[in-house]
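I opened this entry to record what I looked up, one item at a time.

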Amino acid sequence: MGSSEMCRDLAGEVEKLLKTSNSYLRKKAALCAVHVIRKVPELMEMFLPATKNLLSEKNHGVLHTSVVLLTEMCERSPDMLAHFRKLVPQLVRILKNLIMSGYSPEHDVSGISDPFLQVRILRLLRILGKSDDDSSEAMNDILAQVATNTETSKNVGNAILYETVLTIMDIKSESGLRVLAINILGRFLLNNDKNIRYVALTSLLKTVQTDHNAVQRHRSTIVDCLKDLDVSIKRRAMELSFALVNGNNIRGMMKELLYFLDSCDPEFKADCASGVFLAAEKYAPSKRWHIDTIMRVLTTAGSYVRDDSVPNLIQLITNSVEMHAYTVQRLYKALLDDISQQPLVQVASWCIGEYGDLLVSGQCEEEEPIQVTEDEVLDVLEGLLVSNLSTPVTRGYSLTAIMKLSTRFSSVNRIKKVVSIYGSSIDVELQQRAVEYNALFKKYDHMRPALLERMPIMEKSTTNGPTEIVQTNGETEPSVVEPKHPPPVTQPNQVRTVLISETHINTIPPMTAYNKNGLKIDFTFERANPNPNIAVITIHASNSTEADMTDFVFQAAVPKTFQLQLLSPSSNVVPALNQGTVTQVIRVLNPQKQQLRMRIKLTYTLKGSPVQDLAEVNNFPPQSWQ
Amino acid sequence: MMRFLLLFSRQGKLRLQKWFTPISEREKKKIIRDMTSMVLARQPRSCNFLHWKDLKIIYKRYASLYFCLAIENQENELLALEVIHRYVELLDKYFGNVCELDIIFNFEKAYFILDEFLMGGEIQETSKQMVNRSIEASDMLQETMEEYMSKPAF
């Protein structure tokens with residue numbers, strides 16, 4: 001395979017060979033030309049004159065390679081595309097001859113003459129007709145003819161039909177033709193051959209955006225494919241089913257999808273669960289149905305549900321006010337059955353914490369209310385705390401739930417005992433919470449009811465809902481606690497920022513980020529309250545050379561998980577001999593608390609010559625990002 | 001275009017490899033390892049198409065040999081199956097009832113046939129007779145075994 005230099009040198013030779021009378025050489029020359037164009041697209045024009053007569057070849061080999069050459073040219077350059085549009089009638093004629101002509105032993109494959117050439121011509125027609133009405137119109141007939149006349153019993157015929165369908169979908173064909181194409185795909189779906197079904201599902205996935213209604217007609221076949229044994233087919237059927245869900249068929253589809261969730265392989269469960277949640281959110285016919293669906297997903301595929309869906313679910317439950325009693329009852333029952341699926345347990349314990357009083361009082365309109373006593377509920381929650389199956393996060397959730405129940409239940413002493421036991425737990429997170437709650441009982445008992453009130457309805461925001469609420473709970477210092485209306489307790493993770501918080505280590509040592517050629521850049525840190533995820537860095541640039549550094553520009557870039565905001569600098573002249581500094585403020589948002597890294601670019605002019613430098617800053621002190 | 005074509009046995013031994021793009025030796029070995037493990041792990045009645053990186057892998061099993069062809073994403077998979085089948089037919093016509101041993105002992109002929117059929121990642125000649133004629137023509141230029149044995153040795 002030649003390199004680009006070789007291609008440049010030999011292109012002239014190749015071009016000459018394209019015109020020889022020997023067809024064997026010509027076809028090889030055509031493929032060489034394809035390779036040359038792939039390596040060095042600028043040489044395309046060189047081959048243009050030779051292509052004039054290519055399509056009038058008799059020899060199929062040369063014809064085939066010429067079509068490949070034309071395809072390559074048209075793909076690479078829109079000018080060529082426009083130029084070759086006039087070849088459409090010729091291509092149509094060749095294709096027609098291929099189909100109509102009788103049996104030709106040389107090129108025949110199972111009764112179809114030269115399928116390779118047919119497919120290539122269809123490909124070229126697709127490219128030529130893509131956004132062009134006239135060419136598309138010229139092709140309509142031949143495409144319909146190919147679609148109806150090709151035999152489908154063998155793979156070859158199906159290959160041609162597949163290519164035809166792709167072409168019909170891409171060009172500006174009339175709607176009748178499109179419907180024909182989708183029907184062909186529907187027929188493919190019923191075929192026993194797995195390959196063909198796979199191909200049909202892939203193409204339907206591509207067309208479902210544009211021809212939604214037509215694909216809907218084949219919905220039942222697609223749903224049947226969910227039960228196929230082959231993994232790739234199942235995956236494609238699942239994706240397609242999610243694309244086809246709409247308000248009308250949501251109930252039926254959801255039933256099938258939940259059944260699929262029960263029986264599918266673990267690798268699908270996460271995707272399926274998220275898909276189910278999304279679909280349910282968009283098209284849920286009623287709140288109760290929505291909650292039932294969520295419960296079903298949690299109980300069957302609970303451990304595969306993604307972590308971020310837990311807060312989403314909690315938000316959803318909070319917002320459906322009238323369903324609180326029903327929800328908490330169902331979650332309680334599910335919890336009694338099985339405590340191994342963490343997302344389910346987390347959601348359930350959160351709900352019991354919030355709505356435990358509804359559970360105990362036995363009001364429930366939707367279902368038969370169950371008789372539960374406060375002790376039983378506390379037993380369940382304590383069981384979660386000691387169980388080996390619970391992760392630390394789950395334990396945190398259940399401890400907070402127990403705490404919240406102290407305002408809703410009357411057996412406060414029992415709760416006090418539990419909380420004080422965990423004050424000496426080995427797990428730091430649990431210990432911290434228990435200590436804070438203990439303090440709440442002892443010193444701040446007057447605040448307790450207000451603090452542990454019910455959560456308000458959260459607004460949906462594009463970022464995580466809970467972090468918005470953290471912003472509003474700005475008060476953190478114990479000395480500043482006044483009995484004004486402290487906002488209700490937020491998500492369990494954020495509790496500690498609301499309640500008594502230890503004094504954060506606010507003194508983060510400054511560091512030198514860059515020191516080269518007389519330019520020194522120091523970073524000093526502050527932590528921005530209220531949001532502990534934002535680090536505010538002030539850079540101080542000083543210049544120890546004898547001349548001023550003018551046009552000083554400081555730029556910084558951070559990895560994708562961070563966000564950076566650069567405020568304007570104090571000036572862009574760094575005076576010589578350390579007589580002054582240029583300061584600039586950078587704010588870095590670090591929501592995932594990852595190690596802070598930064599790439600900086602410095603440009604300045606020193607003694608008339610511009611200087612540019614890139615550097616990476618890795619030596620941030622750990623307190624700046626923890 | 002096609003990126004590569006591999007032939008390997010059920011035990012994972014590579015019989016033929018044809019690369020249509022320049023790749024380093026290390027890359028080639030890695031690809032061979034990936035392909036053999038992926039294809040040999042497939043269930044017997046699953047579909048013949050796989051996804052690997054940004055390519056589609058089409059494989060077909062003929063007796064004890066797996067033919068594995070990698071094509072780019074916009075190519076027609078069903079046609080790739082036909083390409084594999086056509087190559088097998090060409091081998092069959094040339095060797096007469098081809099089996100794995102024929103390919104092992106006459107691998108250079110297998111490569112020649114492949115080179116007449118595919119070039120630069122594209123199909124070169126769609127007619128079976130033409131390919132066979134070219135191979136026969138090149139065979140005529142070769143000496144036969146008898147001629148070689150009867151030459152005087154100096």
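**Helix 7 and helix 9 of chain A**

I looked up the handedness of the crossing between helix 7 of chain A and helix 9 of chain A, and it is left-handed. I note here that the model is predicted. Helix 7 covers residues 133-149 and helix 9 covers residues 175-190 of chain A; their axes come within 11 Å and cross at roughly 25°. Angles under 35 degrees count as roughly parallel, and therefore helix 7 and helix 9 of chain A are roughly parallel to each other.

I then looked up which residues make this contact. Helix 7 of chain A supplies A:Asn140, A:Leu143, A:Ala144 and A:Ala147, while helix 9 of chain A supplies A:Leu177, A:Leu180 and A:Ile184. Sorted by class, the residues of this contact are six nonpolar, one polar and no charged.

**Helix 16 and helix 17 of chain A**

Next I took helix 16 (residues 287-301) and helix 17 (residues 309-319) of chain A, which pack at an angle of about 150° with their axes 11 Å apart. Angles over 145 degrees count as roughly antiparallel, so helix 16 of chain A is roughly antiparallel to helix 17 of chain A. The crossing of helix 16 and helix 17 of chain A is left-handed.

From helix 16 of chain A I listed A:Lys287, A:His290, A:Ile294 and A:Leu298 in the contact, and from helix 17 of chain A I listed A:Leu313, A:Leu316 and A:Asn319. The class count for this contact is four nonpolar, two polar and one charged.

**Helix 4 and helix 5 of chain B**

In chain B I looked at helix 4 (residues 107-117) and helix 5 (residues 128-141), whose axes are 9 Å apart at an angle of about 135°. Helix 4 and helix 5 of chain B are therefore oblique to each other. Their crossing is right-handed.

The contact uses B:Lys109, B:Phe112, B:Ile113 and B:Glu116 of helix 4 of chain B, and B:Val131, B:Ser134, B:Ile135 and B:Asp139 of helix 5 of chain B. I wrote down four nonpolar, one polar and three charged residues for this contact.

**Where chain B meets chain A**

How many residues of chain B are in contact with chain A? I found 34 residues of chain B in contact with 39 residues of chain A. The two chains bury about 3,300 Å² between them, and carbon and sulfur atoms give 54% of that area. Of the area that chain B buries against chain A, 19% comes from B:Leu78, B:Glu82 and B:Thr126, more than from any other three residues.

**Charged pairs**

Side chains of opposite charge can pair when their charged atoms come close. I looked up the salt bridges across the interface of chain B and chain A and found five. I also checked the pair of A:Arg120 and B:Glu122, a salt bridge with its closest N and O atoms 2.6 Å apart.

Over all chains, the structure holds 29 salt bridges. One that I looked up inside chain A joins A:Glu72 to A:Arg38, with the closest N and O atoms 3.2 Å apart. This pair links distant parts of the chain, 34 residues apart: A:Glu72 is in helix 3 (residues 60-76) of chain A and A:Arg38 is in helix 2 (residues 23-39) of chain A.

Terms used
Residues are numbered from 1 along each chain as its sequence is written. Chains are lettered from A and ligands numbered from 1 in the order in which they are written. This is a predicted model: local features need pLDDT of at least 70, side-chain atom pairs count only at pLDDT 80 or more; totals for chains, interfaces and linings use all residues. Side-chain values use heavy atoms; hydrogens and water are left out. Axes are lines fitted to C-alpha atoms, for helices over the stretch in contact, and angles run from 0 to 180 degrees between N-to-C directions. Helices (H or I, at least four residues) and strands (E, at least two) are DSSP runs, numbered from the N terminus. Angles under 35 degrees count as roughly parallel, over 145 as roughly antiparallel, 65 to 115 as roughly perpendicular and the rest as oblique. A crossing is left-handed if the near helix is turned anticlockwise from the far one by less than a right angle, and right-handed if clockwise. Contact means heavy atoms within 4.5 Å. Ala, Val, Leu, Ile, Met, Phe, Trp, Tyr, Cys and Pro count as nonpolar, Asp, Glu, Lys and Arg as charged, and the others, Gly among them, as polar. Buried area is the accessible area (1.4 Å probe) that two parts lose on being put together, summed over both. A salt bridge is a side-chain nitrogen of Lys or Arg within 4 Å of a carboxyl oxygen of Asp or Glu.
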